[in-house]
Amino acid sequence: MTGDGDDRVYIEAAARDFFAGNLAAAFAATLAAVRLDPYVLRSQILALTIIVRTPDHLTARFVAEWLAACRFGNLDNAAAILADVFTESGEAYPIFSAFSIVALRLGNPDLSRALFSRCLSASLPPSLESAAVESQYGSTAAANYDDAGLHVESVAAFMDFLVRNLGQAGPWDIVDAPCGTGLAGPALRPWALRLVGSDLSAAMVAQARLRGGYDELIVGDLLETLPRLSADLLVSHGSLYHFEELGPVAAAAAASLGPGGWFAFTDYPAPEGVMVTIGGNRRYCRAAQVVRDALASQGFVELASELALTFGLPCVYWLFRKGEA
């Protein structure tokens, strides 16, 4: 659906304020639009996007105002109504990805997973070649990567997960793969006897080298690099979504880690099997049992998992330990 009449005027005003950085005015105009018609796609996408952009301590208030303006009653009703109206609109990804973030920030992981599942398809495209993935992270992307607060916040949140589950143990031989620009390096360094970073992109490795803190940095595909390295802790943040099959990654991790070694990584959730996002960057997403089966086949035991946010989407933080020989 598209807005017309008075609601269109409100939406256009909201869009102007949003792009000017005036979120409060943009939200007020958006609420005026949804009061007139809560079934206009553009106004709902804008409303949820604004809520996502607000500080955490304002989320509940903004959501309450949005629910009242739409006359949806509560989050579950809102999810059911929006799913009924917009799932087949061709614009499911922007509305349901934003709504899934909102639900998670409000402490409702089950609803967040259900909403995110509407951003996925079971029709899997061919996996990207390594060269295509590498090209996404060339010199321009690498130079600007750390400027995105979302990247910095995502790495920090995952490192907090590791601290909660690993404490202040070590020192260990640690492999950070892919290391990207080395954002995780400062958090991993206190645990490290030796810290090695590896990434497919030479440009990203160059940025990690400028940051410093690594004992060694390697350019290469992790499936080829990991079996040549020895580690007590292997960290793989925000990258495994490039792999349609998790089995080869689990095998490479097992080859790198000795008995009792830790494997910590992030992976996007799916309701069943392996699915792929229908918008944004292509991300392969997996049901929890798919992840557990892939790791168990290589002798890993699950120690912790948690649904949180990585790169602005619901993501599962995983921690496994390799069984004793």
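Q: Two strands pair if DSSP finds at least two bridges between them. With that settled, which residue in β5 stands opposite V175?
A: In this predicted model, the residue that stands opposite V175 is L234, which belongs to β5.

Q: And in what sense do β2 and β5 pair, and over how many bridges?
A: They pair in the parallel sense, with 3 bridges between strand β2, which covers residues 172–176, and strand β5, which covers residues 231–236.

Q: OK, zooming out, what order do the strands take in the sheet?
A: The sheet is open and built from 7 strands, which follow the order β4-β3-β2-β5-β6-β10-β9, and the pairing across it is mixed.

Q: Which strands stand at the edges, then?
A: Those are β4 and β9, and because each has a single partner strand, one side of each is left without a neighbour in the sheet. From one strand to the next, the twist averages 15°.

Q: Which helices lie across β9 and β10?
A: Helix α6, made of residues 92–105, lies across β9 and β10 (313–322) and runs at about 60° to β10. Helix α7, made of residues 109–117, also lies across these strands, running at about 110° to β10.

Q: Changing topic, how many salt bridges are there?
A: The count comes to 7 salt bridges, and one of the pairs is R164 with E306, whose closest N and O atoms are 2.6 Å apart.

Q: What about R189, which residue does its side chain meet?
A: R189 meets D215 in a salt bridge, at 3.2 Å from N to O. This pair links distant parts of the chain, 26 residues apart, with R189 in the loop between α11 (185–188) and β3 (192–199) and D215 in the loop between α12 (202–211) and β4 (216–219). R189 is partly exposed, with a relative accessible area of 27%, and D215 is likewise partly exposed, with 42%.

Q: And D267 with R286, are they buried or exposed?
A: Both residues are buried, which means that each has under 20% relative accessible area. Their closest N and O atoms are 2.8 Å apart in a salt bridge, and the pair links strand β6 (residues 257–267), where D267 lies, with strand β8 (residues 284–286), where R286 lies, the two residues being 19 residues apart.

Technical notes
Residues are numbered from 1 along each chain as its sequence is written. This is a predicted model: local features need pLDDT of at least 70, side-chain atom pairs count only at pLDDT 80 or more; totals for chains, interfaces and linings use all residues. Side-chain values use heavy atoms; hydrogens and water are left out. A salt bridge is a side-chain nitrogen of Lys or Arg within 4 Å of a carboxyl oxygen of Asp or Glu. Helices (H or I, at least four residues) and strands (E, at least two) are DSSP runs, numbered from the N terminus. Buried means under 20% relative accessible area, exposed over 50%, partly exposed in between (1.4 Å probe, protein chains only). Axes are lines fitted to C-alpha atoms, for helices over the stretch in contact, and angles run from 0 to 180 degrees between N-to-C directions. Contact means heavy atoms within 4.5 Å.
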